[in-house]
Amino acid sequence: MKDIAREFGISVATVSRALKDSPRISLERRKAIQQYAREHNFYPNAIGEALRHSRMMPQRLIGVIVPEFTHYYFSSILTGIEEAASARGYQIMVALSDEQYEREAQICENFHRYKVCGVIVSQAKDTKNYDHYQKLIDAGIPMVFYDRICTGVNASRVVVDDYMGAYNAVTHLIETGCKRIAFYGGPRQLEISKNRFNGYKDALLKHGMKVDEEIVDICDNRADAERITPKFMAMEKRPDGFFAVNDDTAIGILYSVKRAGFRVPEDVSICGFTNGQRAVACDPMLTTVEQRGHRVGEEAATILMDKVEGLSPMEKIEKRIVRTRLIIRGTTRGERC
């Protein structure tokens, strides 16, 4: 505020009134000051405002952005973050992007305004512009990406081994007799989707099979799986195996396949990716890749807090990979875990 006051040759009190849109300042002057503040990434410290009338000390606060709450995986990551943060005296502020770029950008702006000490984020599906991430980094706020990482900015990240998880799952389907395996994945611009598709593709190639784009689709939720799967099962050369990007999608496949009169796993094998609570609540229980979300959350929080506390250099980019594990259950043939 002193910098703004110096720029306009006015008092700090006048700047404060203009930023609060006080009618005591002319409209023209207010707009000029507010525009200058936006251009120079100035945000009022909301916590500081509250503390002016309080004797409480500000908490060490971590901002966490979650794309959606419907998946067990994201809730397990959030639990890992909260437990690790609480153990070291931090609190978390959680915000839902709801898979929308505009909402995600606004959350980042709000986190800047509230002076969080760092941000942990999983990118929304719609996000293709990364300026809001870069602004936080340029402001000295450390960021750690989890699950859906952003390759457009240079920041630390924690992911599961998506490639090997997919590779092992598809290899299992092949080795238990599947000859034509369909792939349901997420949007291709996401790194996580690319890695899982590459694992699927390489497992096929390793076993002398080719990718057939006719049975590869963008599908990452149960509703779409229930809509698309009947078309696949009506093909003359129908799939005898499915690999899905997450458990909800796999359960949608399972429901559709059974409704069409096919047996699982005798006629069709199905594998998901998460190992959430729903994987054992379906019939038969779902073969799936375990992601270990709690561990991902712990790792992400630890990287961030180490940077905040100076235990790790701010400029050091951490890239950690959490190993996956294939859990074999009733939707595929073979020995059960």
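Predicted model: local features only at pLDDT ≥ 70, side-chain atom pairs only at ≥ 80, totals over all residues.
Two packed helices are described by the angle between their axes and the distance between the axes. In this model, helix H2 (residues 12-19) packs against helix H3 (residues 27-39) at an angle of about 90°, and the two axes lie 9 Å apart. Since angles of 65 to 115 degrees count as roughly perpendicular, H2 and H3 are therefore roughly perpendicular to each other. The contact is formed by Val15, Ala18 and Leu19 on the side of H2, which meet Arg30, Ile33, Gln34 and Ala37 of H3; by class, five of these residues are nonpolar, one is polar and one is charged.

The largest nonpolar core comprises 42 residues, of which Ile62, Ile120, Val170, Ile181, Tyr200, Phe243 and Val296 touch the most other members. Helix H5 (residues 72-87) gives the most to this core, contributing seven residues. When residues up to four places away in sequence are not counted, Val296 touches Tyr73, Ile77, Tyr146, Val158, Val160, Gln291 and Val322. A second, separate core holds 22 residues, including Tyr184, Ala250, Ile270 and Cys282.

Strand S6 (residues 181-185) is mostly covered, with five of its five residues buried. Ile181, Phe183 and Gly185 lie on one side of S6 and Ala182 and Tyr184 on the other, so that both faces of the strand are covered. S6 pairs in the parallel sense with strand S8 (residues 241-244) over four bridges, and Ile181 has Gly241 of S8 as its bridge partner. S6 also pairs in the parallel sense with strand S7 (residues 216-218), over three bridges, where the bridge partner of Phe183 is Val216.

Note on methods: Residues numbered from 1 in each chain as written. Heavy atoms only, no water. Axes fitted to C-alpha atoms, helices over the stretch in contact; angles between N-to-C directions. Helix = DSSP H or I, 4+ residues; strand = E, 2+ residues; numbered from the N terminus. Parallel < 35°, antiparallel > 145°, perpendicular 65-115°, else oblique. Contact = heavy atoms within 4.5 Å. Nonpolar A, V, L, I, M, F, W, Y, C, P; charged D, E, K, R; others polar. Core = buried A, V, L, I, M, F, W, Y, C linked by side-chain atoms within 4.5 Å. Buried < 20%, exposed > 50% of the residue type's maximum accessible area, 1.4 Å probe, protein only. Pairing = 2+ DSSP bridges.
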